[in-house]
Amino acid sequence: MRYMIIVKATSETEAETIPVAADPQLLAEMADYHEQLMKAGVLLDGSGLKPSSQGWRIRYDGDTRTVIDGPFAETRELIAGYTLIQVKSRAEAMEWARRFPNPAGRGKPAEIEVRPLYELDDFGLSPEVERMKQMALDGGNAA
């Protein structure tokens, strides 16, 4: 089972600052945590995201697509980073999530969200699902 630990954006993560300005203690705690995940064999990926001012959205209206450049105003709806893990159970994912360092730094308010990813087997059997499974086997990024 794969789970994504989602770090919610804040005004600080959306600020135009460079990562070097990050708190060294927080970076050390994140490195230690991710190293533990790696040693346990459950870490799939993890990274921070640049501010939404450097991104864009695609809005769909029927067959029409519109590009909307960032920044985006609703910080509480944005993601600042993520960690992707693969574990045996929801309980194991919960245990790892509880150990996640406070992404804002010790003593500061913050929030992470944890959500399971869909697996291709969740969609039942179909030629399309089998095609996606084959792409994953061939080195693609399909689940």
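Biologist: Is Trp-56 buried or exposed?

Modeller: A caution before the answer: this is a predicted model. Trp-56 is found in strand 3. The cut-off for exposed is over 50% relative accessible area. Trp-56 has a relative accessible area of 57%, so the residue is exposed.

Biologist: Which residues make the nonpolar surface patch of about 460 Å²?

Modeller: Strand 3, residues 56-61, gives the most to the patch, with three residues. Trp-56 is one of the patch members.

Biologist: What pattern does the protein chain follow along the sequence?

Modeller: Start with the inventory. The secondary structure comes to four helices and six strands. Read along the sequence, the order is β-α-α-β-β-β-β-α-β-α.

Biologist: How much of the contact set in the protein chain, at a separation of 6 or more, comes from residues 24 or more positions apart?

Modeller: Asp-23 and Gly-105 are 82 residues apart along the chain, and their C-alpha atoms are separated by 7.6 Å. That is a C-alpha distance, whereas a contact means heavy atoms within 4.5 Å. By the contact count, the share for residues 24 or more positions apart is 73%.

Biologist: Where does Asp-23 lie?

Modeller: Asp-23 is partly exposed, with a relative accessible area of 37%. Helix 1 covers 11-14 and helix 2 covers 24-40. Asp-23 lies in the loop between helix 1 and helix 2.

Biologist: What separates the closest N and O atoms of Glu-119 and Arg-2?

Modeller: The structure holds six salt bridges, and this pair forms one of them. The pair links distant parts of the chain, 117 residues apart: Glu-119 sits in the loop between strand 6 (112-116) and helix 4 (127-137), and Arg-2 sits in strand 1 (residues 2-8). A salt bridge needs the nitrogen and oxygen within 4 Å. Here the closest N and O atoms are apart by 3.0 Å.

Biologist: Which residues do salt bridges that share partners join into one network?

Modeller: Glu-113 forms a salt bridge with Lys-8, the closest N and O atoms being 2.9 Å apart. That pair links distant parts of the chain, with Glu-113 in strand 6 and Lys-8 in strand 1, 105 residues apart. Glu-113 also forms a salt bridge with Arg-115, at 3.6 Å between the closest N and O atoms. The network joins Lys-8, Glu-113 and Arg-115.

Biologist: How far apart do the centres of the positive and negative side-chain sets lie?

Modeller: Count the charges. The protein chain has 17 positive and 23 negative side chains. The centres of the two sets lie apart by 3 Å.

Terms used:
Residues are numbered from 1 along each chain as its sequence is written. This is a predicted model: local features need pLDDT of at least 70, side-chain atom pairs count only at pLDDT 80 or more; totals for chains, interfaces and linings use all residues. Side-chain values use heavy atoms; hydrogens and water are left out. Patches are made of residues with over 30% relative accessible area and no salt bridge: like charges are joined within 9 Å, nonpolar side chains (Val, Leu, Ile, Met, Phe, Trp, Tyr) within 5 Å. Accessible areas come from the Shrake-Rupley method with a 1.4 Å probe; for residues, only the protein chains shown count as cover. A salt bridge is a side-chain nitrogen of Lys or Arg within 4 Å of a carboxyl oxygen of Asp or Glu. Helices (H or I, at least four residues) and strands (E, at least two) are DSSP runs, numbered from the N terminus. Buried means under 20% relative accessible area, exposed over 50%, partly exposed in between (1.4 Å probe, protein chains only). Lys and Arg count as positive and Asp and Glu as negative; His and the chain ends are not counted. The place of a charge is taken as NZ of Lys, CZ of Arg, CG of Asp or CD of Glu.
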